[in-house]
Amino acid sequence: MLYRHKIISAQLVFLPHFFSYLPSFKLVFYKRVTMKNLQFLLCTMLVLSIVPMTQGQRKKKTIAPSSIDTALYQGLEWRQVGPFRGGRSAAVTGIPGKPNLFYFGAAGGGVWRTKDAGNTWENISDGFFGGSIGAVAVSEWDNNVIYVGGGEKTVRGNVSSGHGMWKSVDAGKTWQRAGLDKTRHIPRLRIHPKNPDIVYAAVLGDLFKSTSDRGVYKSIDGGKSWRRVLFANEDAGAVDLIMDPNNPRILYASTWRIRRTPYSLESGGPGSALWKSTDAGETWTDISGNEGLPGGLWGISGVTVSPVNSNRLWAIIENKDGGVYRSDDGGKSWTLINKERKLRQRAWYYTRIYADSQDEDRVYVLNVRYHRSKDGGKTYETYNAPHGDHHDLWIDPSDNQRMVIGDDGGAQVSFDGGENWSTYHNQPTAQFYRVTTDNSFPYKIYGAQQDNSTVRIAHRTDGAFITERDWEPTAGGESAHLAVSPNDNEVVYGGSYDGFLTRVNHETKEVRAVNVWPDNPMGHGAEDFKYRFQWNFPIFFSPHDPNRLYTASNHLHVSTDQGQSWKLISPDLTRNDQSKLGSSGGPITKDNTSVEYYCTIFAAVESQHEEGVIWAGSDDGLLHVTKDGGDNWSNVTPSMMPEWSMINSVEIDPFNKGGLYVAATRYKLGDYTPYLYKTKDYGVTWQEITTGIPSEHFTRALRADPNKEGLLYAGTEAGMYASFNDGSSWQPLQMNLPLVPITDLAVKNDNLIAATQGRSFWIIDDLTVLQQMNNDLAAKTTHLFKPMKTYRMGGGNGKASKVAGTNHPGGVLVHFFVKDTAAVDTIKVSFLTEDDELIRTFSSTPNKEKKEGKLSFETGLNTLNWDMRYPGATTFDGMILWWATTDGPKAVPGTYKVVLSTNGEEQEQTFEIVKDPRTTASQGDLEVQLDFLLSVRDKLSETNDAIITIRKVREQINGVMSKTDDAQIKELGNAILDDTKVIEEALYQTKNESRQDPLNFPIR
């Protein structure tokens, strides 16, 4: 609880809140204020000041302006930057008889489909659902019927739950909810081979707490209703589910006790078992105790049955005597046939086994690599798909050479039994932990991709798209925070698990380890080490000293010599609970990678307002601040924040030097509530600010707009939100952004960048629209927003690609609001110089003679992208050019005007075009170039107008000659035709009819 306890400075504490108490003392103020009254008032306020304030009292202190009509900004769009490099997938499937058609579910990224055997992929769940996908199943009887279960089986440290069951009856064009909304993780689905309304779901359930929503569920009405037909206990859910391909009444399932906390991962315990049903799932028998299977404690297990021989089963089991077991009598008795560690290492993450569809002696086991046996499972050859860490496999029942595999790089397709695979560099499903930027031009976006390398990627390019040549790995590993040197954009610091910290100089290609402490804690519990570095530990530079680099373990460390040496500047700023610092994993298999290292600093920042004011938030729910660079620290944890909350991000208030915003989560404790807080007085008082965010959209990041006070952005597990009133209320900022977990946010140059857990990086290119918002605009028939500054640079088209990131449109973005299209007739947008010289006009009813461009508009916010060009030269039909264009020249840097004309009324805004900082041309050079290019354009138009006139004259002459027999007229007409042909052919090569004809017929 928060107490004001220093009476000697009481007036400094409570006077800032004086007016918040006025309702309690209105009778005093109605009377004459005597000294006695004033003494009574101050004493009473002092008493109140040492009484803990309730959350409701805190909220009353903020006067919340009205929220903004979402129609004013819904036309804004997010742009997917990329990279197109796949993230984790644990759900793949194909369809017999359709060789090029496959599906996969991404961990965090929704459902994807390829129609060209993995050359390109498209998302088919956007607009309906998204998030983490645990299972995808297509009916063999009716391929239009697809079931999807949310929530991945790969329950690593950044695991995301799903959104229940979804169903499509039109091959993925549209989707409907299909129940099991509270199940969170559905790792397997099986559909009856001749009745798509009969479907089974293996439900793993909540990973973080006990629940009855686990087990195997059955629906006989296509997902309208479900019955739980197998239940182990409230801590063990179903993880694998197999239907005998030869007899749909026979099913096998495995259940698994799995529990995650912020500081541990437990795989195994009561309820972990193997089951069989012979009556279509109505009743189940625990066959874990059958002859030959291991005794003692079980963990995760996987099971499969041979389509060639239903009596042959394989199971892979996590156990002290674990390995691959085989049964040749339908599960009555078993034999341990292989116990190699390569098949069962890190069991919780893998443990999947698959029978070949046509060879009863061939079986596959998935792990870091995938393993294939040709002798019934006794021995294995080891293979690797393009990525590794394999989680799911589908083998075509009619062609065992055709398969699709799911791994930590997405999905890949093979047509030769795994000898060759399609690429995963065409799937924008990367999972990023954090996002930061540099100061290069165009600036780059930095992040660490789970299961892959770190990335730095251009936010826009001079090309058409953002391709692989526009990004590269950088410092650190898959779990990194990253920090770019303020002195040199080519020097990057990045973390990795186990406290590993590297410095990369991209110019010299030097890589150097700059760890705070040299221990390698891999395999050890957190209690063994001098400093506890979390998997995702903070790294950041001081905004006041470009040579001051910070990083955090359970302490805060600082370096002023590029990581060569480190100074300790804090005590342990965590709860340091020794009961939560043990070895993770177990009770069968340990798993220590520092993901579960606990009681660490998880978010930290130095104030840009005051040097030495540093805030540090821990993953066990403490917030500290120092005002003297670390000499002294104060615990300012919000009293209303539940204990053991993970403080995921801290953000300095750009407009208040004592202000801080905090985003916290407790989802790893089974609490999915959003927790956002703000302070204006260095943490003396706090206010919770979550109104408008749904109850289970837990929050990971909160950022403040540096140019508009009170404009905030929040990233949650299920989407984006904005607040226009400093957090008093929130509203969706989703627009076209897929439903995906948002892990971090960054604001740069009036751009908003989102790091997602399953859909790579996304960006809003123009936040000035949101900065200009007020509710008065909603009452206007139309409104023209002031455009942001625009760089005069090449590249960009704003078009989406299936294999590359979407580039910036490349021009001046002009936004205008239309309340109702029925209330306006013609809309025009005109661009003028500062001196009112007309450059270009776009109209909903364009005048071709005036070379007006076409303008489309609709109700709500509209965006026009002017490419900064003057109108082009006149052209004619069939014109063939070689390495040339008739486009007009670009406007030079300077101040311009844009005018919106509707219903006889005009609105005007000014804007700037800014020189590309990379160019060596002066302003004078560019102005001379513009004048020259305009003269060239005009001369070309004159020439082409002449050709157009000649062709019209020739057409008319031919028309007259076709209607007369007069020899003199024909002679004169032919002479004119000959003369005009000579002129036309002198101006233009008329023999050119295709694009490369100029190689044969010289240009003129």
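In this predicted model, the largest nonpolar core holds 30 residues. Those with the most contacts inside this core are Y73, W78, Y713, M720, L733, L752 and L770. Several elements each give two or more residues to the core: β53 (719-723), β55 (742-748), β56 (751-756), β57 (761-764) and α6 (768-771). Another core, of 27 residues, lies apart from this one, and I827, Y870, F911 and I913 are among its members. In soluble globular proteins, nonpolar side chains tend to be buried together.

Strand β52 (residues 712-716) runs antiparallel to β53, and five bridges join the two. Within this pairing, G715 has M720 of β53 as its bridge partner. M720 was named above among the core residues with the most contacts.

Is β3 buried or exposed? Five of the five residues of strand β3 (residues 102-106) are buried, so the strand is largely enclosed by the rest of the structure. F102, F104 and A106 point one way from β3, while Y103 and G105 point the other way, and all are buried. The neighbours of β3 can be named as well. Strand β2 (residues 89-94) pairs with β3 in the antiparallel sense over five bridges, and A91 has G105 of β3 as its bridge partner. Strand β4 (residues 110-114) also pairs with β3 in the antiparallel sense over five bridges; here the partner of F104 is W112 in β4. The hairpin of β3 and β4 has three residues between the strands, and in it G108 takes a positive phi near 100°.

Loops can hold buried residues too. W226 sits in the loop between β12 (215-219) and β13 (227-230). Its relative accessible area is 16%, which is under the 20% limit, so W226 counts as buried. Leaving aside residues up to four places away in sequence, W226 touches M165, A178, G179, L180, V199, Y200, A201, Y217, K218 and S219. One of these, A201, is 25 residues from W226 along the chain, and the C-alpha atoms of the two are separated by 9.3 Å.

The largest pocket contains about 1,300 Å³ of space. It is lined by 42 residues, and T436, F540, F541, V605 and E651 lie nearest its centre. The elements that give two or more residues to this lining include β43 (601-606), β47 (646-652), β51 and β55. Sorted by class, the lining of the largest pocket has 24 nonpolar, eleven polar and seven charged residues.

How many cavities of 30 Å³ or more are there? The count comes to eight. The largest cavity holds about 230 Å³ of space. Of the 17 residues that line the largest cavity, N158, Y433, F602, Y667 and R700 are the closest to its centre. This lining is made up of seven nonpolar, seven polar and three charged residues. The second largest cavity has a volume of about 90 Å³, and the residues that line it include D498, W517, F529, R532 and Y597. Its lining divides into six nonpolar, one polar and four charged residues.

The last topic is the backbone. Most residues other than glycine have a negative phi, and most peptide bonds are trans. Which peptide bond is cis, with omega near 5°? The bond from G82 to P83 is cis, and P83 lies in the loop between β1 (78-82) and β2. A cis peptide bond also joins G586 and P587, with omega about 5°. P587 is in the loop between β42 (567-568) and β43.

N576 is found in the loop between β42 and β43. Phi of N576 is near 50°, a positive value in a residue other than glycine. With a relative accessible area of 31%, N576 is partly exposed. D451 also has a positive phi, of about 70°, although it is not a glycine. D451 is placed in the loop between β31 and β32 (454-458), and at 10% relative accessibility D451 counts as buried.

Key
Residues are numbered from 1 along each chain as its sequence is written. This is a predicted model: local features need pLDDT of at least 70, side-chain atom pairs count only at pLDDT 80 or more; totals for chains, interfaces and linings use all residues. Side-chain values use heavy atoms; hydrogens and water are left out. A nonpolar core is a set of buried Ala, Val, Leu, Ile, Met, Phe, Trp, Tyr and Cys residues joined through side-chain atoms within 4.5 Å. Buried means under 20% relative accessible area, exposed over 50%, partly exposed in between (1.4 Å probe, protein chains only). Helices (H or I, at least four residues) and strands (E, at least two) are DSSP runs, numbered from the N terminus. On a 1 Å grid over the protein atoms alone, a cavity is a set of points where a 1.4 Å probe fits but cannot get out, and a pocket is an open set with protein on both sides within 12 Å along at least five of seven lines; lining residues have an atom within 4 Å of a point. Grid points are joined across faces, edges and corners, and a volume is the space filled by probe spheres set on the points. Ala, Val, Leu, Ile, Met, Phe, Trp, Tyr, Cys and Pro count as nonpolar, Asp, Glu, Lys and Arg as charged, and the others, Gly among them, as polar. Two strands pair if DSSP finds at least two bridges between them. Contact means heavy atoms within 4.5 Å.
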